[in-house]
Amino acid sequence: MIDPDVPDGLFMVVGGRSGTTLRLDPFALVVTERADTSGLSLEQADIVRICDRPIAPAELGARLGIPLGAVTILLADLVDQGYIAIRSADRPAKRAASGFASPADDRRLLEKLRVGLINLPV
Amino acid sequence: MKILVTGGFGVGKTTLVGSISEITPLTTEAEMTQAGAGVDEGLELRPDKTTTTVAFDFGRISIDEQIVLYLFGAPGQKRFHALWERLCEGAVGAIVLVDTRDVEGSFAALDRVERAGLPYLVAHNPFGDEAERWSLEEIRASLDIDAGTPLLRCDARDPGQVRTTLAELVAHRQRLLEQEPVG
């Protein structure tokens with residue numbers, strides 16, 4: 001866990017980098033593909049463990065106490081190395097097989113969501 | 001999947017998210033450049049004074065193994081525009097929470113969602129006796145809400161009402177898809 005108010009700590013976490021080409025939806029779901037954490041930094045190993053169940057980068061950031069910008073950089077590396085996969089709403093190419101540009105256009109998913117909400121125990 | 005909850009300052013966004021989320025609403029921080037020039041620069045981490053930190057809170061509802069719904073209260077200020085765009089991508093739609101004591105804030109929130117092109121419904125969070133003072137028809141007229149946009153009351157503290165409001169928004173999106181298939 002790092003203190004987000006200390007820039008030096010963050011600087012270390014992301015290896016001094018300031019950006020990535022990964023354009024990440026904060027509410028896309030990220031999930032672990034490879035659970036072997038040897039050789040990873042502490043923060044990266046944490047991410048790989050937490051992403052055992054699908055989780056949004058925003059929630060990941062909140063749980064680790066790392067700002068979203070830094071989470072994005074860490075995730076970009078993990079994606080490149082095959083540890084993490086992103087199930088994103090804004091990746092039409094990946095979703096082309098199902099024929100929908102976005103899960104919000106998927107009628108079957110919408111219906112499941114609506115029924116699920118109605119039946120939600122409160 | 002995700003649903004956006006927006007509205008003026010202090011309208012009850014966090015309350016609404018908190019009353020139905022299975023996790024305590026979490027706050028995450030996104031580093032934004034003040035200029036916010038390019039899309040990718042929006043979330044760039046720069047350990048210098050050109051960044052400002054924004055916080056937005058969110059909750060989660062697991063529908064089944066396949067569907068996780070994230071609700072997020074979106075900050076509305078102009079300089080968070082890049083974050084807004086990203087939050088809107090692939091969202092089911094938005095709940096615009098309005099407070100009849102803050103018409104101006106409600107207008108601003110409606111305007112923002114309109115411009116984002118996101119399907120939305122308007123929910124009146126009745127503080128005090130505002131529900132008796134304002135009928136839904138009067139609210140629709142005074143906020144100039146389109147006849148096709150659902151408008152209902154939703155006490156943000158009541159999980160049952162929040163659940164109904166969320167389901168209504170999904171139904172609204174479904175109706176729009178039937179009328180005009182996207183893509």
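Here is a short chat about parts of a predicted model.

Student: Before we start, how are residues, chains and ligands labelled, and what does the model need for local features?
Tutor: Residues are numbered from 1 along each chain as its sequence is written, while chains are lettered from A and ligands numbered from 1 in the order in which they are written. The model is predicted, so local features need pLDDT of at least 70 and side-chain atom pairs count only at pLDDT 80 or more, whereas totals for chains, interfaces and linings use all residues.

Student: Okay, L113(A): buried or exposed?
Tutor: L113(A) counts as buried because it has 28 C-beta neighbours inside 10 Å, and a residue is buried if 20 or more other C-beta atoms, placed from the backbone, lie within 10 Å of its own.

Student: And what is L113(A) in contact with, leaving aside its neighbours within four places in sequence?
Tutor: The contacts of L113(A), beyond those neighbours, are M1(B), I63(B), I67(B), L69(B) and V170(B), where contact asks for C-beta atoms, placed from the backbone, within 7 Å.

Student: Switching to strand β4 of chain B, how many of its residues are buried?
Tutor: Six of the six residues in β4(B), residues 68–73, are buried, a strand being a DSSP run of E with at least two residues, numbered from the N terminus. On one side of β4(B) sit V68(B), Y70(B) and F72(B), and on the other L69(B), L71(B) and G73(B).

Student: Which way does β1(B) pair with β4(B)?
Tutor: They pair in the parallel sense over four bridges, and pairing takes at least two DSSP bridges between two strands. Within β4(B), L71(B) is the bridge partner of I3(B).

Methods
Buried ≥ 20, exposed ≤ 12 C-beta atoms within 10 Å, placed from the backbone. Contact = placed C-beta atoms within 7 Å.
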